[in-house]
Amino acid sequence: MPIAFEKVNYIYAPKTPFQYEALKCIDLAIELNKITAIIGPTGSGKSTLVQHLNALLVPTDGTVYILDRELSSNQKNKDLKSLRQRVGLVFQFPEYQLFEETILKDVMFGPLNFKMSEEDARQKSMTALTMVGLDESFYERSPLDISGGQKRRVAIAGILAINPDVLVLDEPTAGLDPQGAKSMMELFVELNRKYKKTILIVTHDMDHVLNYCDNVVVMKKGEVITHQQVNDFFFKGESVKEIEMALPQRLRVVEALREKGFKLDSKISDIKELANAIKKEISHE
Amino acid sequence: MNPIEVKDLNFSYDQHLDVVKDVSFTVERGSYTTLIGHNGSGKSTIAKLIIGLLEKEQGSILIDGEELNNETVESIRRKIGIVFQNPDNQFIGATVRDDIAFGLENHQVDPKDMDAIIEKYAGEVGMIEYMNHEPTRLSGGQKQRVAIAGILAMKPEILILDEATSMLDPEGKEDINSLVKQLHKENNMTILSITHDVEEVMKSDHVIVMYEGRIVKDGVPSKMMLNEQELVRLKLDAPYSVKLSNELSKLGIKLKNAGNMEGMVDELCQLLLKK
């Protein structure tokens, strides 16, 4: 079963002065086993959208299909625990939800909550911590005494330890140092390629979209305005320009050089290729 | 007299782990200084020490020449505005309007002027439509906009930004950065920005680089950010222009303007025309 939104509306605080329509008639199908980026200006509904995937939010109208579940406002949405075991959601600033005495215990909380045995939970948690780049010297430390970026890794490990099929990450690299952000994105690619995880990433980093994602969903004012393959989005047609978002760095340089008379293919796939193409132009090969 | 002078600062959360080790630096008046470093290198800890949220173990912190201690902390905090990484930590008001008003009231702004100031800054950060919304119900990026408006409205002499725009979309980030720059110029505001954004670093006057609690580099970004391998070792990243210039250098094309994209594009263009 795919992941799909069918005519989904979501209204925050209905019938109050704070009423706010965050999602407007969303029709969207997310491909399984792919990495999908969700981008758009602040307040466009990205977080609201992804919080529907594990039934943290239930549509005001319409239906969300996820794996073998169907979620809508007019039916009782029972047994959400089994859904949440298969769809792991990592919030913005997940580090504020750490609470256990030690890092290892904190990561183990999820697996234990899903009735895994103590030993199994410990093993899974240690593996998850290794995946996010935290070695055993961290196990017995307090999650409150480490840096913001390290806390983020602990929080992500907490979800990985549950081993969900679908991993939903709301701005997972915001606030990480550049090497940390890079290794985090590489981890998601590995989880996708090696373990066939379906991954959704809410992000503002267009370089990450270009370099690591398969598909991209663009949101604006509660609506989905584009849903394409990443390569089509950046290199075919005008959609990337129409949405008025800053291009990834590589494409910005290519654009700037083209404006100055360089004949460069915008599809150049990495920095080495770009350097070679520039050299060719300069030496008129 | 410098707005921020830190000398031989040391701090640890517990005895085993020194978070800040022998840190000394100066932020010049009216400068835009960036503070960068890997996660856990001590950046946010330094910000918290400067505003007296954490108490130093050794060393001294001078703000406008005045030593930070229990007697001076209140008056020093009036000079410094800080925007934290997570804006949820600093909302007080029930609505966006109240929240911005709160800081102004604290600074004894004349109530007659208050509405105009609130609207000006809410407008500048693009949140005018949300004046009557609850801050806690806004999106992450919108919260950051409100937090920034609340601090800027008070026109602090010194502004500390702790990854204050990490959750904004690229356009939003640029809007906020140019607003900060404008206020920085108009009011000769001193800015210390903790960031992971290499492009912001390249546009700043001065950069301080931290690694494992110590300052390892301190100077002009166009000189400090050129060694790609060293930056990677420090768990950071070189600007894209530097990386491209390194690749070109391997192919025998040596450029002078590695630290600045526009300069590099111009230089390449001249090379193209020459032959």
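In the predicted model, buried residues account for 48% of the 275 residues of chain B. The secondary structure of chain B comprises 11 helices and 10 strands. Along the principal axes, the C-alpha atoms of chain B occupy a box of roughly 65 × 45 × 35 Å. The radius of gyration of chain B is 20 Å. A compact globule of 275 residues would have a value near 19 Å, so the two agree. Contacts in chain B were also sorted by separation in sequence. Of those between residues at least 6 apart, 62% join residues at least 24 apart.

Chain B meets chain A through a contact that takes 43 residues from chain B and 46 residues from chain A. On the side of chain A that touches chain B, the helices α5 (148-160), α6 (178-195), α10 (249-259) and α11 each supply at least two residues. The largest share of this side comes from α11(A), with 9 residues. By class, the side of chain A that touches chain B has 21 nonpolar residues, 17 polar residues and 8 charged residues.

One helix pair within this arrangement was examined in detail. Two packed helices are described by the angle between their axes and by the distance between the axes. The crossing of α11(A) and α10(B) is right-handed. From α11(A), the residues in the contact are I271(A), K272(A), L274(A), A275(A), I278(A) and K279(A). They meet K243(B), L244(B), E247(B) and L248(B) of α10(B). The residues of this helix contact divide into 6 nonpolar and 4 charged, with no polar residue.

Within chain A, the surroundings of P111(A) were also described. P111(A) is placed in helix α3, which covers residues 103-113 of chain A. It has 23 C-beta neighbours inside 10 Å. The cut-off for a buried residue is 20 or more, and P111(A) therefore counts as buried. Neighbours within four places in sequence were left aside in listing the contacts of P111(A). The residues in contact with P111(A) are then M116(A), A121(A), K124(A), S125(A), A161(A) and I162(A). R193(A) lies 82 residues from P111(A) in sequence. In space, the C-alpha atoms of P111(A) and R193(A) are 23 Å apart.

Key: Residues are numbered from 1 along each chain as its sequence is written. Chains are lettered from A and ligands numbered from 1 in the order in which they are written. This is a predicted model: local features need pLDDT of at least 70, side-chain atom pairs count only at pLDDT 80 or more; totals for chains, interfaces and linings use all residues. Helices (H or I, at least four residues) and strands (E, at least two) are DSSP runs, numbered from the N terminus. The radius of gyration is taken over C-alpha atoms; the globule rule is 2.2 Å times the number of residues to the power 0.38. A residue is buried if 20 or more other C-beta atoms lie within 10 Å of its own, exposed if 12 or fewer, and partly exposed in between; C-beta atoms are placed from the backbone. Two residues are in contact if their C-beta atoms, placed from the backbone, lie within 7 Å. A crossing is left-handed if the near helix is turned anticlockwise from the far one by less than a right angle, and right-handed if clockwise. Ala, Val, Leu, Ile, Met, Phe, Trp, Tyr, Cys and Pro count as nonpolar, Asp, Glu, Lys and Arg as charged, and the others, Gly among them, as polar.
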